[in-house]
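I opened this model to look up a few places in the fold and to note what surrounds them. The entries below follow the order in which I went through it.

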Amino acid sequence: PPLAGADGWSVTVSNGASNKIDSFLERHARYESSTDPASGETTATLRIELTNTAPAEGLPPYVIGNRVGAPVGTSRLYVSFYSPLALTGVTLDGQATGLAVGHEAGWNVYSRFVDIPAGATVTFELELAGTVANPGEVVTWEQPMASPLEDTGDRDSAAFGDGH
């Protein structure tokens, strides 16, 4: 959707392994932002947990196999994060990592591939900052998938914890 000067966020995933493992993906998101009234700068943290609940055996190869040489049950995803804000830092499972930077329909897009073994969870945490005309308004949208995105965040929340 158009930002129209608002803050915002979203995350999408694309299957990168030529299988049907997406129905085993659980997604949890938490977005928290605040705006400094003096400077007008908005800072935000976007945390995304992706859990692959697929088994490593017992289903046909077209479901949990892959064409990329990863172990059976591995979910390879191209993950894209959307925001009007600039990326100031990102970690994957607590380790600094990089993301490809792009733009789409007025949004900044930050992307990379990630492999998630059967039964595993990966966590991305993005730090973002910038100025938007309407920081009190947050635009978001959800990619339709077999399991809905669980949004566990609140704007201007006092603490950023593991409450999900």
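**Notebook: a loop residue, then the sheets and cores**

I began with Val72, which lies in the loop between α1 (61-64) and β4; helices (H or I, at least four residues) and strands (E, at least two) are DSSP runs, numbered from the N terminus. This is a predicted model, in which local features need pLDDT of at least 70 and side-chain atom pairs count only at pLDDT 80 or more, while totals for chains, interfaces and linings use all residues. Residues are numbered from 1 along each chain as its sequence is written, and side-chain values use heavy atoms, with hydrogens and water left out.

Not counting residues up to four places away in sequence, Val72 touches Ala56 and Ile64, where contact means heavy atoms within 4.5 Å. I also checked Val72 against Val90: they are 18 residues apart in sequence, and their C-alpha atoms are 28 Å apart in space.

Next I went to strand β8 (residues 107-116), where seven of the ten residues are buried. Strand β4 (residues 75-83) runs antiparallel to β8 and is joined to it by nine bridges, two strands being paired if DSSP finds at least two bridges between them. Within this pairing I noted Ser111 of β8 as the bridge partner of Ser80. Strand β7 (residues 100-104) also pairs with β8 in the antiparallel sense, over five bridges, and here Val101 has Tyr110 as its bridge partner. β7 and β8 form a hairpin with two residues between them, and Ala105 in the turn has a positive phi of about 50°.

I then looked at an open sheet of six strands, which has mixed pairing and the order β6-β5-β9-β3-β2-β11. β6 (95-96) and β11 (150-151) stand at the edges with a single partner strand each, so one side of each is left without a neighbour in the sheet. Inside it, strand β3 (residues 42-52) and strand β9 (residues 121-130) run antiparallel and are joined by ten bridges, with Glu49 opposite Thr123 in β9.

Which residues touch the most other members of the largest nonpolar core? Of its 26 residues, they are Leu50, Val79, Phe81, Phe124 and Leu126; a nonpolar core is a set of buried Ala, Val, Leu, Ile, Met, Phe, Trp, Tyr and Cys residues joined through side-chain atoms within 4.5 Å. β1, β2, β3, β4, β5 (86-92), β8 and β9 each supply at least two residues of this core. A second, separate core has six residues, among them Leu3, Tyr82, Val109 and Val139.

Searching the whole structure for aromatic pairs gave five (rings of Phe, Tyr and Trp, the last by its six-membered ring, pair if their centres lie within 6.5 Å; planes under 30 degrees apart count as stacked, over 60 as edge-to-face and the rest as tilted). The rings of Trp9 and Tyr31 have centres 6.0 Å apart and planes at 20°, so this pair is stacked. Trp9 belongs to strand β1 (residues 6-15) and Tyr31 to strand β2 (residues 25-35), 22 residues apart, and both are buried.

My last stop was Ser33, also found in strand β2, which counts as buried at 4% relative accessibility.

Terms used
Buried < 20%, exposed > 50% of the residue type's maximum accessible area, 1.4 Å probe, protein only.
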